[in-house]
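Here is a short briefing on one protein model. Start with the sequence and the structure, then read the points below.

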Amino acid sequence: MKHEIKLHKHQVDSLEEYQRMYRLSVDDPVGFWRKQAERLSWFHPFHTVRDIDMDEIDFGWYLGGRLNACFNAVDRHIAERGDKTAIIWAKDEPGEYEKITYRKLKHQVSRVANVLLKHGVRKNDTVAIYMPMIPEAVYTMLACARIGAAHTVVFAGFSGEALRERIIDAKASVLVTADQGLRGGRKVHLKAIANRAVEGLGIVKCILVAKRTGADVEMRAGRDYWLNEEMDRERSTCPIEWMSSEAPLFVLYTSGSTGKPKGVLHTTGGYLVYAATTHHYVFDLKPDDVFFCTADIGWITGHTYLVYGPLVNGATTVLFESVPTYPDPGRFWQVAQDLGVTTLYTAPTAIRSLARESDEYVTKHDLSSLRILGTVGEPISPDAWNWFHDVVGGGRCSIVDTYWQTETGGIVIAPLPGAVPAKPGSATLPFFGISPVVKDDDGNTLEGNDIEGNLCFGRTWPGHARTIWGDHSRFKDTYFSHFPGIYFTGDGCRRDEEGYYWVTGRVDDVLNVSGHRIGSAEIEFALNEHDCVSESAVVGFNHEIKGTGIYAYVRLTEDALQEDREEVIGGLKQQVRQVIGPIATPDYIQIVPDIVKNRSGKMMRRILRKVAMNNYTDFGDISTLLDPNVVEDIIEGHKALIAEREASQKGKKTA
Ligand code: WT7
């Protein structure tokens with residue numbers, strides 16, 4: 001459907017047109033999604049658009065079809081646009097760029113695919129990827145797809161233990177990493193972390209190491225190989241493995257309210273149709289667009305809107321290795337100016353931190369190429385929205401606040417540029433084929449407008465996750481049991497008088513820290529493993545930059561109480577970094593004599609959350625508490641901790 005890319009006008013021109021298409025998509029989903037599937041090249045056509053069993057929660061799309069994700073993202077573009085830039089790598093050092101054409105991409109991906117084959121990777125295997133934002137990371141993702149292996153990308157900011165856990169769960173036999181990562185001039189010792197992660201792990205037979213910094217790293221003979229050397233030895237062609245539509249494309253781990261991270265599975269046909277369709281409409285795609293998605297490939301945003309969406313649509317995508325503040329807070333705008341970026345897609349947390357700096361960092365750059373500004377990951381405040389619109393967009397650009405999740409595969413609520421009028425702070429209206437349903441806590445569906453409740457989706461769509469890797473019953477329990485038979489997102493929302501959606505944030509025990517999902521339970525688990533800890537409770541609190549900060553209440557063991565408090569707290573923070581990664585480090589750790597519990601021993605998070613947010617009243621009925629005095633102790637301790645922090649910050653400022 002390349003002919004559908006219109007020049008000068010929007011993909012959807014008016015609210016009426018959006019409404020007409022939306023109606024069509026929900027009244028005749030089979031017809032609508034059959035048509036959208038024409039965006040892809042199919043090796044063999046499908047016979048059934050969808051086959052859904054809501055009892056077993058079994059979703060199938062484009063059954064009978066065969067295709068390959070790498071072929072769709074790379075090979076099929078060669079004839080028409082082999083010399084077009086597919087990827088622009090913006091290296092860590094400002095001003096350093098490398099352009100990779102679709103033709104070169106095909107050669108490099110094929111080489112990596114041959115390397116993987118040589119090292120024993122076969123169709124239906126899984127390959128773990130623990131890499132910085134370098135072209136080899138994208139090559140490896142696509143190379144896996146080419147030979148029919150599923151990839152599981154682990155964010156390079158996660159710890160060795162977190163990596164190990166994911167490798168074991170995904171049963172990956174090959175790990176692809178780099179000597180070191182480079183972010184904001186700082187080195188991240190990826191190979192060293194990877195070595196620790198696989199220590200004693202029999203399942204990992206081979207580690208392929210991309211050379212980024214040239215550091216001297218420990219390589220084990222017979223197991224570790226330099227990826228680039230191996231690539232040089234391989235041919236630049238590699239046959240395509242044609243996969244069925246429902247063949248696994250990737251597994252991506254994400255946090256839930258309980259237990260360990262879950263491997264969310266996305267399959268080939270439906271995911272790709274959804275990635276391409278949403279990328280086309282939500283970002284109002286034009287043939288010469290330069291698409292700058294600032295997300296890391298370790299997250300779903302990187303998968304869908306840095307790699308698969310743009311490449312399947314034959315666009316140019318920017319791979320940004322650095323951080324928004326290196327060498328100064330003007331870096332995004334520098335990249336946008338240098339590369340003629342048309343579409344910038346980032347997170348509210350980045351916008352909030354950059355908006356605090358002088359506007360001059362933005363305005364000294366020529367940003368006239370920008371047309372669309374997107375945000376994702378958490379609710380955006382009207383202040384941040386307006387700054388993005390007025391200062392970055394110069395009042396000319398469409399702002400698209402896109403709501404979605406790892407599990408939804410792609411954007412599910414967002415305004416279509418030129419068609420749906422925005423309201424700052426609202427993700428606005430559902431994408432085609434998506435039916436939001438709002439439920440009250442008792443499971444009643446709230447009809448009409450001007451209501452507030454739990455956000456669910458009433459029917460499935462091609463990009464919806466199929467299962468949790470290796471644990472389908474957990475998939476059913478996690479998402480389809482709160483409100484039987486309907487997908488529950490874990491978010492709360494309001495539907496306003498005009499039917500616009502305002503996502504208010506998680507209603508479960510998942511924390512959204514700088515747009516990253518972290519389960520309270522995971523942090524508690526990490527803390528509880530430490531020798532000094534008897535018990536812990538982790539809650540979120542409002543944080544100016546991160547959106548949600550992490551607040552941990554910890555009851556120490558008798559022995560630990562004798563030790564230096566500062567040292568113990570430092571050790572606990574270190575523990576969380578080691579078990580999960582720096583992003584999960586608590587902002588505050590409060591040592592408490594006891595954790596607030598009710599008489600049946602249930603932790604009273606509601607109260608702990610209030611105290612962490614400086615709210616010492618409205619606790620509701622506390623008569624069921626095991627020991628109501630504990631609440632007083634905790635409040636006093638909280639006040640002392642906050643006062644101490646403020647004093648030390650003042651001290652720092654005057655020093
Ligand atoms: C959670 C999903 C999808 C890519 C990024 C995060 C929150 C996401 C928005 C938005 C309000 C949002 C939700 C959701 N979220 N986008 N536009 N407005 N909240 O993916 O790690 O799976 O996290 O992010 O709470 O459940 P994820």
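Helices (H or I, at least four residues) and strands (E, at least two) are DSSP runs, numbered from the N terminus. This is a predicted model, in which local features need pLDDT of at least 70, side-chain atom pairs count only at pLDDT 80 or more, and totals for chains, interfaces and linings use all residues. Residues are numbered from 1 along each chain as its sequence is written, and side-chain values use heavy atoms, with hydrogens and water left out.

**Overall fold**
- The protein chain holds 21 helices and 30 strands.
- Its radius of gyration (over C-alpha atoms) is 25 Å. That agrees with a compact globule of 655 residues, which would be near 26 Å by the rule of 2.2 Å times the number of residues to the power 0.38.
- Along the principal axes, the C-alpha atoms fill a box of roughly 75 × 65 × 55 Å.

**Packing and contacts**
- Of the 655 residues, 59% are buried, meaning under 20% relative accessible area with a 1.4 Å probe, protein chains only.
- Among contacts (heavy atoms within 4.5 Å) with a separation of 6 or more, 71% join residues 24 or more positions apart.

**Helix 6**
- Helix 6 covers residues 135-147, 13 residues in total.
- From first C-alpha to last, helix 6 reaches 18 Å, close to the 18 Å expected at 1.5 Å a residue. The expected span is 1.5 Å times one less than the number of residues.
- Helix 6 is mostly covered, with 13 of its 13 residues buried.
- Gly148 follows helix 6 and has a positive phi, near 80°.

Conventions
Buried means under 20% relative accessible area, exposed over 50%, partly exposed in between (1.4 Å probe, protein chains only).
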